[in-house]
Amino acid sequence: MSEAKDKDSPSVSPRSHDSKGHNLKVPSPLPTRRTRTVSMSEKAHAGPTFIGTVKSFCREKGHGFIQPTDGSEAVFVHISDIEEDFVPKEGDEVTYKLCPIPPKMEKCSAVHVHIKHPKEGVQHERWDLPPSRGQQKDK
């Protein structure tokens, strides 16, 4: 997707601006941390913590999926719910909580996502750097 098209797209909202003025944009297809109600956030935060493995995550699209360790269906995760300075990569072990997705509340998305064990040998990019200038995560 071209940068000019991103600027004109109404379905794309900015995540942040880095120190060099790069505009990091991601789509917002579902209720995110910014649009979630306080009561939904409190319920999710009070709920149990789950462990899973990142199945996929696309920084440019702003979302991905986590495969729970119990083998249940993969869980959607939005970029705004990542609580780390690094972009999650396929194979990272993460902890997360679940928040129901409106309007039917039948499915859940992962919130309060933390990278517990990054996959060894995989370079982890920082959110504040352009994708081509990622740095190795030191944990």
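Two strands are taken to pair if DSSP finds at least two bridges between them, and strands themselves are DSSP runs of E, at least two residues long, numbered from the N terminus. The structure is a predicted model, in which local features need pLDDT of at least 70 and side-chain atom pairs count only at pLDDT 80 or more, whereas totals for chains, interfaces and linings use all residues. Residues are numbered from 1 along each chain as its sequence is written, and side-chain values use heavy atoms, with hydrogens and water left out.

Strand β6 (residues 93-100) pairs with strand β7 (residues 108-117) in the antiparallel sense over seven bridges, and within this pairing C99 of β6 faces S109 in β7. Strand β6 also runs antiparallel to strand β3 (residues 50-58), to which four bridges join it, with T53 standing opposite E93.

A search for aromatic pairs (rings of Phe, Tyr and Trp, the last by its six-membered ring, with centres within 6.5 Å; planes under 30 degrees apart are stacked, over 60 edge-to-face and the rest tilted) finds three in the whole structure. One of them joins F57 and W127, whose ring centres are 6.2 Å apart and whose planes meet at 80°, so the pair is edge-to-face. Because F57 belongs to strand β3 and W127 to the segment after β7, this pair ties together parts that are 70 residues apart in sequence. With buried meaning under 20% relative accessible area, exposed over 50% and partly exposed in between (1.4 Å probe, protein chains only), F57 is buried at 16%, and W127 is likewise buried at 7%.
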